[in-house]
Amino acid sequence: MSTAATAIRMFDYVEQYAAIQGEILAALQSVLASGSLILGPRVQAFEENFGRFLGEPGYAVGVGNGTDALAIALGALKIGPGDEVITVSNTAIPTVSAIRMAGATPVFCEIDRHSLLMDLTDAEARITARTKAIVPVHLFGNAVDMPRLMQIAQRHALAVVEDCAQSCGTTWQGRPTGTFGDVGCFSFYPTKNLGAYGDGGLCFTRRKELADAMRQIRVHGRGKAYYAEREGVNSRLDELQAAILEVKLRYLRDYLAKRRAIARMYHEHLAPGVVRPRVERAADHSYHLFVIASRQRDQIIERFKQEEIGFGIHYPTPIHRMSGYEFLGYRAGALPITERAATEVLSLPCYPELSLEAVRRVCSAVNDVVGKYA
Ligand SMILES: Cc1ncc(COP(=O)(O)O)c(C=O)c1O
């Protein structure tokens with residue numbers, strides 16, 4: 001392969017920024033000139049508009065990041081020490097660190113071998129008298145079967161906090177992820193479908209009492225000035241990030257359409273033998289990540305390095321196998337499907353501005369390596 005070909009990044013926001021630079025700078029300027037930097041009118045406007053984007057009745061509460069969104073949601077639901085929260089181990093560390101921040105104990109269930117998402121039968125089997133909540137993760141931008149999960153939760157009187165960090169814009173039967181459970185938690189980390197230029201997060205709920213609680217928790221549990229009505233934290237979405245998000249929210253549908261178009265190109269150009277996680281018919285995947293699974297992952301990565309093609313592994317080590325979470329007591333082999341997936345998954349470059357030519361190059365590198373082992 002010619003080394004003259006330009007490098008393909010896994011993620012790149014620069015081209016997108018160039019296209020909206022004028023609007024972003026004007027928005028920042030107006031915040032800086034306004035005299036209001038924390039929990040002011042931009043945060044409120046963004047919360048309202050993000051709620052409108054979701055299109056379901058409810059309340060949106062902007063917070064400092066997606067990890068805090070999960071921890072604050074669990075706190076508002078009064079989930080804490082002594083409580084068990086069922087989630088998956090093939091997720092970003094923050095899903096689990098947020099459960100710990102709330103003081104609860106994560107309990108890992110298996111994933112479905114085809115979709116790599118939470119295995120709902122196994123999740124139900126792990127419910128005990130101490131279980132208080134389930135945290136499904138809409139990994140990669142794919143969607144967990146939320147109607148079925150909600151039935152399980154209702155049967156056992158459990159709360160549901162959806163981890164939508166990767167699924168902003170994903171729907172199940174036309175309804176957005178994050179609007180099924182008690183709270184949907186979003187991250188606006190720069191690489192996400194709706195990315196800030198720094199950290200940001202948001203909790204969405206249909207329940208007013210939870211929205212009120214989360215609004216208090218994000219600012220030290222404060223009710224009136226200098227008075228904590230409950231324990232809280234400092235986790236505020238700031239006005240500058242809210243102003244940036246307001247601008248980018250106007251383009252979000254377009255960005256999502258482009259991600260889906262890139263995914264279609266990948267599906268079209270990847271050889272049929274290249275395994276991709278299953279997407280259910282009811283799901284409209286938003287392709288935060290475009291993932292394949294291959295036993296030849298090392299060889300593909302070697303080829304990508306030669307050709308300067310960016311990639312990611314989401315995730316190389318399941319949480320239960322990390323030394324930081326050894327205390328939870330899971331051994332190697334405890335979650336065989338999860339552990340196997342960690343050895344095979346590979347994320348290909350995927351962001352709205354990625355060109356067809358780049359997708360073709362990535363596909364031909366993958367097809368070539370996989371073809372040699374077929
Ligand atoms: C699945 C998942 N959950 C939670 C988070 C946490 O979001 P943040 O980085 O905004 O704290 C992320 C993103 O990093 C994520 O991918």
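Visitor: Leaving aside its neighbours within four places in sequence, which residues is Gln16 in contact with?
Guide: You're looking at a predicted model, where local features need pLDDT of at least 70 and side-chain atom pairs count only at pLDDT 80 or more, while totals for chains, interfaces and linings use all residues. Numbering starts from 1 along each chain as its sequence is written. Gln16 is found in helix H1; helices (H or I, at least four residues) and strands (E, at least two) are DSSP runs, numbered from the N terminus. Contact means that two C-beta atoms, placed from the backbone, lie within 7 Å, and once the neighbours within four places are set aside, Gln16 has Pro352 and Glu353.

Visitor: What distance separates the C-alpha atoms of Gln16 and Pro352?
Guide: Along the chain these two are 336 residues apart. Between their C-alpha atoms, though, the separation is 8.3 Å.

Visitor: Is Gln16 buried, exposed or partly exposed?
Guide: The scale counts other C-beta atoms (placed from the backbone) within 10 Å of a residue's own: 20 or more is buried, 12 or fewer is exposed, and in between is partly exposed. Gln16 has 17 C-beta neighbours inside 10 Å, so it counts as partly exposed.

Visitor: Which domains does the domain assignment of the chain give?
Guide: The bounds come from an automatic or database domain assignment. That assignment gives domain 1 (15-249) and domain 2 (252-373).

Visitor: Which residues around the ligand are the closest?
Guide: The shell has 15 residues, where a residue belongs if its C-beta atom, placed from the backbone, lies within 6 Å of the molecule. By class, five of the shell residues are nonpolar, eight polar and two charged. The closest are Gly66, Thr67, Ala92, Ala165 and Ser187.

Visitor: Why do the buried residues of H6 line one face of the helix?
Guide: In helix H6 (residues 146-155) the buried ones are Met146, Leu149 and Ala153. On the other side of H6 sit the exposed Pro147, Gln154 and Arg155. The arc is that of the directions from the helix axis to the C-beta atoms. Down the axis of H6, the buried residues line one face because they fall within an arc of 60 degrees.

Visitor: Which residues of H12 are exposed on the face turned away from its buried side?
Guide: The buried set of H12 is Ala358, Val359, Arg361, Val362, Val366, Val369 and Val370. They cover an arc of only 165 degrees around the axis, which puts them on the same side of H12. What covers those buried residues includes helix H9 (252-269), strand E11 (290-293), helix H10 (297-306) and strand E12 (345-348). The face turned away carries Leu356, Glu357 and Lys372.

Visitor: Where is Tyr226, which has a positive phi?
Guide: Phi of Tyr226 is about 55 degrees, although the residue is not a glycine. Tyr226 is exposed, with 6 other C-beta atoms within 10 Å. Tyr226 is found in the loop between helix H7 (208-217) and H8.

Visitor: What is omega for the peptide bond from His314 to Tyr315?
Guide: Tyr315 has its place in the loop between H10 and helix H11 (336-344). The bond from His314 to Tyr315 is cis, with omega near 15 degrees.

Technical notes:
Ala, Val, Leu, Ile, Met, Phe, Trp, Tyr, Cys and Pro count as nonpolar, Asp, Glu, Lys and Arg as charged, and the others, Gly among them, as polar.
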